[in-house]
Amino acid sequence: MNRVPTATGASVSTEALVGLAERMADASGTVLRGYFRTDIRAYEKADSTPVTIADREVETALREMIEAEFPDHGVVGEEFAPVRRDAPYVWVVDPLDGTSGFITGKPLFGTLIGCVHDGIPILGLIDHPVLRERWIGGEGLPTAFNGERVRVRSCAKLSEAMLYATTPHMFVGADAYAFETLCEAVKRPQYGADCYAYAMLATGFVDLVVEANMKPCDFCALAPVVQAAGGIMTDWQGKPLGLDSDGRVIAAGDERVHAEALKILSAGGEPEQGG
């Protein structure tokens, strides 16, 4: 039984964390399937992104489940204020990643459930309730898709890589130029998969996912899944992701592709100077 030590010397078993994450995903799926392709209304938040009653109902349920089982753990979510953000363990949840797709009837939305220990994402779960597809992985827990172990695929060169981003409109200013440069360097850019792109990377169908303007609830659950499948996921400077990351992320199945892409992104897309 794997156990993760806390700052006080106590420990929480990996099995206990996984068990709660799985139950949370089951609960969220029940709610989201009930609202999917109905006349549910979407509202605009202050940041101009949509939110529905489904988002808030799911997050409320997930928070209640965490409080009931681990009342000393922190919670960071998409829809409500953080609780105990500085606790040794922090659950990071996005109840409905891909709300825009959800309200337009696209089934690629998902629930993201992550657990961070001392600032490091250690467990991630990606659940797609309509498709009945789930990925879970983390420290000491190889990534599994519906119970079967999966791995990333090798890709020797950036020019051979399939790239995903949710939308090109998430990149602005110098980030937009860097992303455009990256798109010209890969085999083919694709859009519109939300968190499903990271799941496909972990399963060996996608080589690279690059995004910006992300929140911790968008990526803290994704990084453990990608990494436990043999991939790598960092910020645009190559640093590990955590609650204080700036929201620009790069996930790759092969370290060679990650290194090539990182070189472009970290330089802001500027072409290299000749020697």
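Let's start with open space: the largest pocket holds about 660 Å³. Keep in mind that this is a predicted model.

**The pocket**

A total of 28 residues line the largest pocket, and those lying nearest its centre are Thr49, Asp97, Gly98, Asp194 and Asp218. If you want to find the elements that give two or more residues to this lining, look for β6 and α3 (99-103). What kinds of residues make up the lining of the largest pocket? There are 12 charged residues, along with eight polar and eight nonpolar ones.

**The salt bridges**

Side chains of opposite charge can pair when their charged atoms come close. In this structure you'll find 15 salt bridges.

| Salt bridge | N to O distance |
|---|---|
| Asp47 and Lys215 | 3.1 Å |
| Arg84 and Glu67 | 2.6 Å |
| Asp244 and Arg85 | 3.4 Å |

Take Asp47 and Lys215, whose side chains meet in a salt bridge. Asp47 sits in the loop between β3 (42-44) and β4 (50-52), while Lys215 sits in the loop between β14 (208-211) and α6 (216-219), so this pair ties together parts that are 168 residues apart in sequence.

Next come Arg84 and Glu67, another pair joined by a salt bridge between their side chains. Arg84 belongs to the loop between β5 (74-77) and β6 (89-97) and Glu67 to helix α2 (residues 53-69), so the parts they tie together are 17 residues apart in sequence. Arg84 has a relative accessible area of 33%, which makes it partly exposed. Glu67 is partly exposed as well, with 34%.

Then there's the salt bridge between the side chains of Asp244 and Arg85. It links distant parts of the chain: Asp244 is in the loop between β15 (232-235) and β16 (249-252), Arg85 is in the loop between β5 and β6, and the two are 159 residues apart. Asp244 is exposed, because its relative accessible area of 70% is over the 50% cut-off. Arg85, at 31% relative accessibility, counts as partly exposed.

Which residues do salt bridges with shared partners join into one network? They are Lys45, Asp47, Glu78, Glu79 and Lys215.

Definitions and conventions: Residues are numbered from 1 along each chain as its sequence is written. This is a predicted model: local features need pLDDT of at least 70, side-chain atom pairs count only at pLDDT 80 or more; totals for chains, interfaces and linings use all residues. Side-chain values use heavy atoms; hydrogens and water are left out. A salt bridge is a side-chain nitrogen of Lys or Arg within 4 Å of a carboxyl oxygen of Asp or Glu. Helices (H or I, at least four residues) and strands (E, at least two) are DSSP runs, numbered from the N terminus. Buried means under 20% relative accessible area, exposed over 50%, partly exposed in between (1.4 Å probe, protein chains only). On a 1 Å grid over the protein atoms alone, a cavity is a set of points where a 1.4 Å probe fits but cannot get out, and a pocket is an open set with protein on both sides within 12 Å along at least five of seven lines; lining residues have an atom within 4 Å of a point. Grid points are joined across faces, edges and corners, and a volume is the space filled by probe spheres set on the points. Ala, Val, Leu, Ile, Met, Phe, Trp, Tyr, Cys and Pro count as nonpolar, Asp, Glu, Lys and Arg as charged, and the others, Gly among them, as polar.
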